[in-house]
Amino acid sequence: MSILELTALELGRKIKSGEATVLEAVNASLKRIKEKEPSIHAYVTVDEEGAVTKARKVQKMIEDGTLTGPLAGVPVAIKDNLCTKGLLTTCGSNILYNFVPTYTAEAVANLERAGAVILGKTNMDEFAMGSTTETSAFGVTRNPWNTEHVPGGSSGGSCAAVAANECFYALGSDTGGSIRQPSSFCGVTGIKPTYGTVSRYGLIAYGSSLDQVGPIGKNVSDCAAVLEAIASYDNKDSTSVPRNDLDFTEALKADVREMKIGIPRDYLGEGLEGEVREAVLEAARTLKGRGANVEEFDLSLAEYAIPAYYVIASAEASSNLSRFDGVKYGFRAGEYEGLHQMYKRSRSQGFGPEVKRRILLGSFVLSSGYYDAYYLKALRVKALIKQAFDRAFEKYDVILGPAAPTTAPKLGKALQDPLKMYLGDIYTISVNLAGLPAMTVPCGRDRKGLPIGLQLIGNCFEEKKIIRAAYAFEQAREGR
């Protein structure tokens, strides 16, 4: 077996035992990146020199017993909206084409303290606005399973890098499904934790009440270990939540006996491809065969999630992105007269069409006369969606459904109809509105050979239940 085919935890064990070195793993990853990047384009920046230097340093710290964690020495890729000190961070946007942060995001710093070696920064939809990784100012990312198809988004670069063995695991961010949907399209595993579990300090904001950092890995065990490493209370983040139950790897038990799993009927109706529906129901039957109690139920309010999400997220984006004005950092227009024209031209030339669309929508719904009609109404719907999930979790431990209504579409197809692209997030968005944890696990392929993802949703702070269910399903599939 090639070193690149190892999971993150398998590689960590081999490094610790002396069967492999950190430099071997980094060099193998860098070689793979050079081979695959012309066709995949998962990375915006590859830090070859920095990775090799860090590999040597980490190897010494492992050998002298300073680093003992399971991920010490394992190479990782970081989504390009997480700040990395001294390393270009673009958010996939021309407006940040030259931005080199002076500090590192807390989630990334936690990984570095655990001995991770950063290979580079992965491509993404501009400011995480998109579902295909086609809105990046630095070119599209392609799906490793079929390069004529998208990898999903906005964390498409991270998911494609893991799927193509260009790294051993990656970090992404999830505002409305941006970890779970591309994980489904690329056949990898990804977790969006409960809002507040992982610090947002250093994550360049899109929708502050929705954004959450999470891991993408080759299997459930890797994701649980990475989540354990990055989760922490951070007083630099006002939304960070202190928790004493962050030992997520304890949930890696292939036992779902007596676990109650609900499948929303709303998730199985119109718009869901037949092959995706069958793969998800087959996964439910697998868990039922393992002893879980599985039944369908009515979740309600699902049809209101998309309009509520796009009003709230766009409103927050219009506020968050006001700081990118050509004054302090990033892109500035070459020709202008006066300060206001510099603002206008810098933003007009620096932002792409999708970002402009959402800023305009957000500014509209926050404007005088429309705030009550749209934004406040969306916040009320958000509260109702949370209440619907609360009622569901009174009866069920886990909610099961698809991560996306289809498999990965062809390049260019989704951007032709933005509304259709927005509807592709129908199964993931409500999770962010309610602040819940959820994860995607591969559960099959369609007739074209493209991956299908199963989504498991848990109640707030109950990541261990979805990890347990996902691990049991994964073990059952591998045992066939």
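User: Let's start with the second largest pocket. How much space lies in it, and how is a pocket found?

Analyst: The general idea first: rolling a probe the size of a water molecule over the atoms shows where empty space is left. On a 1 Å grid over the protein atoms alone, a cavity is a set of points where a 1.4 Å probe fits but cannot get out, while a pocket is an open set with protein on both sides within 12 Å along at least five of seven lines; lining residues have an atom within 4 Å of a point. Grid points are joined across faces, edges and corners, and a volume is the space filled by probe spheres set on the points. Here, the second largest pocket holds about 480 Å³. It is lined by 20 residues, and the closest to its centre are W145, G187, K218, P442 and R477.

Keep in mind that this is a predicted model: local features need pLDDT of at least 70, side-chain atom pairs count only at pLDDT 80 or more, and totals for chains, interfaces and linings use all residues. Residues are numbered from 1 along each chain as its sequence is written, and side-chain values use heavy atoms, with hydrogens and water left out.

User: Which elements supply at least two residues each of that pocket's lining, and what classes does the lining have?

Analyst: Helices (H or I, at least four residues) and strands (E, at least two) are DSSP runs, numbered from the N terminus. At least two lining residues come from each of α5 (156-163), β10 (438-445) and α15 (463-478). For the classes, Ala, Val, Leu, Ile, Met, Phe, Trp, Tyr, Cys and Pro count as nonpolar, Asp, Glu, Lys and Arg as charged, and the others, Gly among them, as polar. The second largest pocket has nine nonpolar, five polar and six charged residues in its lining.

User: And what about the cavities? How many of 30 Å³ or more are there?

Analyst: Three, from a search of the whole structure. Of its 13 lining residues, G130, S131, S178, Y309 and D425 are the closest to its centre. That lining divides into four nonpolar, seven polar and two charged residues.

The second largest cavity has about 40 Å³. Its lining has seven nonpolar, two polar and no charged residues. Helix α12 (residues 371-395) gives the largest share of it, three residues.

User: How do I read a helix, say α8? Which of its residues are buried?

Analyst: An α-helix has 3.6 residues a turn, so residues three or four places apart point the same way. Buried means under 20% relative accessible area, exposed over 50%, and partly exposed in between (1.4 Å probe, protein chains only). In α8 the buried residues are V276, A279, V280, L281, A283, A284, T286 and L287. Contact means heavy atoms within 4.5 Å, and the cover over those residues includes β7 (260-264), β8 (293-297), β9 (398-402), β10, β11 (451-458) and α15.

User: Why does the length of α8 agree with what a helix should span?

Analyst: The expected span is 1.5 Å times one less than the number of residues. With 16 residues (274-289), α8 should span 22 Å, and its end C-alpha atoms are 22 Å apart, so the two agree. Just after α8, G291 takes a positive phi of about 110°.

User: Which residues have a positive phi without being a glycine, and where is a peptide bond cis?

Analyst: Most residues other than glycine have a negative phi, and most peptide bonds are trans. N165 has a positive phi of about 60°; it sits in the loop between α5 and β4 (169-173) and is buried, at 18% relative accessible area. F461 has a positive phi of about 65°; its place is the loop between β11 and α15, and at 36% F461 counts as partly exposed. The cis bond runs from G153 to S154, with omega near 5°, and S154 is in the loop between β3 (117-122) and α5.

User: Last one: Q59, buried or exposed?

Analyst: Buried, at 14% relative accessibility. Q59 is in helix α3 (residues 48-63). Leaving aside neighbours within four places in sequence, Q59 is in contact with I15, T21 and V22.
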